[in-house]
Amino acid sequence: VWVYRDFNFQRVGEVLFGGMNYAWMLFSLVFGVTAAVFRGYRWKLALEPLGEYPKTANCVYAIFISYASSLIIPRVGEVTRCGILAKYDNVSFSKSLGTVVSERMVDTLCMGLLSGFMLLLQLPVFLTFFAETGTNVNRYVDIFTSGHFYLIILCLLAVFILAVFLIWNIALFAKLKGILLNVWQGFIALKDIRHIPLYIICSLGIWVSYFLEFYLAFYAFGFSADLGVTVALTMFVVGTFAVIVPTPNGAGPWHFAVM
């Protein structure tokens, strides 16, 4: 609401019905589908070391449903897709949730590498963006060098250790303990994947598909058709960080970052 408080929505209608090349837009959406297919198949590979063998189609459909549900409630898709496999392929919910956590770590690594590359390539652009949006980078550096920051980290670590101790030693938490062990088992299953090259190919396929879906849409509009691949990569990286803010499908923060 804040991002679009003064927005001219009439202009959106003019672009959609008079200034948009739908052929390019439909072509870009093909890669939105391939990203989900790669993600579904990669998830299947991660579940195999746990003795879980869901149908490939169900893994892919669960990904699509997770995206759809996240349009309504932010982040609920990660839980929804585990529930889908539990219902249709009798896959352990907690174990599949663990694989989702490890999957997010792999995606974070991919995004980190891409971001590092783009930051070096387009450092002046990022500095300009931080300046225009009022983001003081030095302020965040000061936070990480402050003694208060590390004191807070130690306190949080102490609370975490206490929680683990209580869960492992009080009978009341026995069921929760079992669930957490299954989640952990799903998380560490990454090291036992038999087809590592295929897993890596799927991971790359996901991010290449995401980028192509974004970049090809540039050609659907006259005002963005000549921006080029470097600009697209920069916008893609900034937009990906923006969707960390928990809004339905990144609505608001993503648009602000891209604009």
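Two helices count as roughly antiparallel when the angle between their N-to-C directions is over 145 degrees. Keep that cut-off in mind as you look at this predicted model, because helix 2 and helix 10 pack at an angle of about 160° and are therefore roughly antiparallel to each other. The protein has 12 helices and zero strands, and 34% of its 259 residues count as buried.

**The overall fold**

- Helix 2 covers residues 22-47, helix 10 covers residues 196-216, and helix 11 covers residues 229-242.

**How helix 10 meets its partners**

- Start with helix 2 and helix 10, whose axes are 8 Å apart.
- Helix 2 passes helix 10 in a left-handed crossing.
- What kinds of residues make up this contact? The contact of helix 2 with helix 10 has 16 nonpolar residues, six polar ones and three charged ones.
- Now turn to helix 10 and helix 11: their axes come within 10 Å and cross at roughly 115°.
- Angles from 65 to 115 degrees count as roughly perpendicular, and helix 10 and helix 11 are therefore roughly perpendicular to each other.
- Helix 10 passes helix 11 in a right-handed crossing.

**Aromatic rings**

- How many aromatic pairs does a search of the whole structure find? The search finds 17 of them.
- One of these pairs is Phe27 with Phe31, with ring centres 5.6 Å apart and 65° between the planes.
- Planes over 60 degrees apart count as edge-to-face, so the pair of Phe27 and Phe31 is edge-to-face.
- Phe27 and Phe31 both belong to helix 2, where they are four residues apart, or about one turn of the helix.
- Is Phe31 buried or exposed? Phe31 counts as buried because its relative accessibility is 19% and the cut-off for buried is under 20%.
- Phe27, by contrast, is partly exposed, with a relative accessible area of 41%.
- Phe221 and Phe223 form a stacked pair, 5.3 Å centre to centre with 15° between the planes.

**Charges over rings**

- Which ring does the charged end of Arg81 sit over? The charged end of Arg81 sits over the ring of Trp43, 4.6 Å from its centre.
- Lys87 gives another example, with its charged end over the ring of Tyr88, 5.6 Å from the ring centre.

**A residue to look up in the loop**

- Asn90 lies in the loop between helix 4 (76-88) and helix 5 (93-121).
- Phi of Asn90 is near 55°, which is a positive value in a residue other than glycine.
- Most residues other than glycine have a negative phi.
- Is Asn90 buried or exposed? Asn90 is exposed, because its relative accessible area is 67% and values over 50% count as exposed.

Definitions and conventions
Residues numbered from 1 in each chain as written. Predicted model: local features only at pLDDT ≥ 70, side-chain atom pairs only at ≥ 80, totals over all residues. Heavy atoms only, no water. Phe/Tyr/Trp six-rings, centres within 6.5 Å; stacked < 30°, edge-to-face > 60°. Helix = DSSP H or I, 4+ residues; strand = E, 2+ residues; numbered from the N terminus. Buried < 20%, exposed > 50% of the residue type's maximum accessible area, 1.4 Å probe, protein only. Lys NZ or Arg CZ within 6 Å of the ring centre and 35° of its normal. Axes fitted to C-alpha atoms, helices over the stretch in contact; angles between N-to-C directions. Parallel < 35°, antiparallel > 145°, perpendicular 65-115°, else oblique. Left-handed = near helix turned anticlockwise from the far one by under 90°. Nonpolar A, V, L, I, M, F, W, Y, C, P; charged D, E, K, R; others polar.
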